Amino acid sequence: MKFLICLVFLFLISNGFTAKRDANSLIQKYCKQSSKNLETYFYEFCIAALKENHESQKVRNNKEITELGTKNAIANLTKVKSIVEKIVNERKYKSRLSAKLLQDCLKLYYRGYNDLTSGLKYIKVRDSLNFSFSLANAKIAPRMCEMGFNGDNKQISPVKKENDVLYDMINIPYNFDLNRFT
Ligand SMILES: *[C@@H]1O[C@H](CO)[C@@H](O)[C@H](O)[C@H]1NC(C)=O
Ligand SMILES: *[C@@H]1O[C@H](CO)[C@@H](O)[C@H](O)[C@H]1NC(C)=O
């Protein structure tokens, strides 16, 4: 009986290891595809960002990784949005112009959030075209937010770094060729 329990236990452990190894090699393949034509840092960024979420060790196919990448992007956007909300609510902005620009950023984040959640729905129904559209739209949020500051206004956004990372986070699922859904 003891022996049997041991056997079952060993089986479960080795199964767990195999799943983990499979997930990691899947993530590597996925990031290789997602980073082609991009700067070299993106591959490492993609792997690190996906692995940061423990759910990544359970992914079994490209569809699940794309879903995970999109969920990570939603979480990231929500964090950047709350940083901006805090600055606005606590009146920590540098000028009235900056306050107005940050309000514009918040509107962009709300839209970006909706685009990303639509993206999740399109993954479920394997609609890769609309998925691309939604994520391309979502990428507008961090870009336009920064452009408001950098354009004619010549201001520096207090969330420049966060917006740059958010843009890359959305690129992780966006750059993956969804026609390769498995
Ligand atoms: C967004 O995600 C990246 C990668 O996980 C992380 O380094 C960054 O701190 C996140 N941004 C915010 C504002 O939390
Ligand atoms: C997906 O995109 C097409 C245009 O390419 C559009 O006609 C269709 O309504 C979209 N589907 C959904 C569910 O929004």
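**Close-up views of a predicted model**

Glutamate 90 has a relative accessible area of 39%, so it counts as partly exposed. (Buried is under 20% relative accessible area, exposed is over 50%, and partly exposed is in between, using a 1.4 Å probe and protein chains only.) This is a predicted model, so local features need pLDDT of at least 70 and side-chain atom pairs count only at pLDDT 80 or more, while totals for chains, interfaces and linings use all residues. Residues are numbered from 1 along each chain as its sequence is written, chains are lettered from A and ligands numbered from 1 in the order in which they are written, and side-chain values use heavy atoms, leaving out hydrogens and water. Back to glutamate 90: lysine 92 forms a salt bridge with it, the closest N and O atoms being 2.8 Å apart. (A salt bridge here is a side-chain nitrogen of Lys or Arg within 4 Å of a carboxyl oxygen of Asp or Glu.) Lysine 92 itself counts as exposed because its relative accessibility is 57%.

Lysine 100 and aspartate 104 pair up in a salt bridge, with their closest N and O atoms 2.8 Å apart. Both sit in helix H4, four residues apart, which is about one turn of the helix. (Helices are DSSP runs of H or I with at least four residues, strands are runs of E with at least two, and numbering goes from the N terminus.) Aspartate 104, with a relative accessible area of 26%, is partly exposed, and lysine 100 is partly exposed too, at 47%. Elsewhere, glutamate 55 forms a salt bridge with lysine 58, and here the closest N and O atoms are 3.3 Å apart. Glutamate 55 counts as partly exposed at 43% relative accessibility, whereas lysine 58 counts as exposed at 56%.

**A left-handed disulfide between cysteine 31 and cysteine 46.** The two sulfurs of this link are 2.1 Å apart. (A disulfide is a pair of cysteine sulfur atoms within 2.5 Å.) The angle about the S-S bond is -75 degrees, which makes the link of cysteine 31 and cysteine 46 left-handed. Cysteine 31 lies in helix H1 (residues 2-34) and cysteine 46 in helix H2 (residues 41-52), so the bond ties together parts that are 15 residues apart in sequence. Both cysteine 31 and cysteine 46 are buried.

**The other disulfide: cysteine 105 and cysteine 145.** A search of the whole structure turns up two disulfides. This one has an S to S distance of 2.2 Å and is right-handed, with 90 degrees about the S-S bond. Cysteine 105 belongs to helix H4 (residues 96-124) and cysteine 145 to helix H5 (residues 128-150), so the pair ties together parts 40 residues apart in sequence. Cysteine 105 counts as buried at 0% relative accessibility, and cysteine 145 counts as buried at 1%. Number the bonded cysteines in sequence order and the pairing reads 1-2, 3-4.

**The surroundings of ligand 1.** Glu52, Asn76, Lys79, Val80, Ile83, Glu162, Val165 and Met169 surround this ligand. (A residue belongs here if one of its heavy atoms lies within 4 Å of the molecule.) A polar side-chain atom of glutamate 52 lies 2.9 Å from an oxygen atom of ligand 1. Ligand 1 taken alone exposes 360 Å², and the protein buries 69% of that. (Those areas come from the Shrake-Rupley method with a 1.4 Å probe.) Helix H3 (62-89) and helix H6 (160-174) are the elements that give two or more residues to the shell, and H3 provides the largest share, four residues. By class, the shell around ligand 1 splits into four nonpolar, one polar and three charged residues. (Ala, Val, Leu, Ile, Met, Phe, Trp, Tyr, Cys and Pro count as nonpolar, Asp, Glu, Lys and Arg as charged, and the others, Gly among them, as polar.)

**The surroundings of ligand 2.** Here the residues around the ligand are Tyr122, Asp127, Leu129 and Asn130. An N or O atom in the side chain of tyrosine 122 is 2.9 Å from an oxygen atom of ligand 2. For asparagine 130, a polar side-chain atom lies 2.3 Å from an oxygen atom of ligand 2. On its own, ligand 2 has 360 Å² of accessible area, and the protein covers 31% of it. The shell around ligand 2 has two nonpolar, one polar and one charged residues.

Definitions and conventions. Polar contact = N/O pair within 3.5 Å; in protein donor to acceptor, adjacent residues only side chain to side chain.
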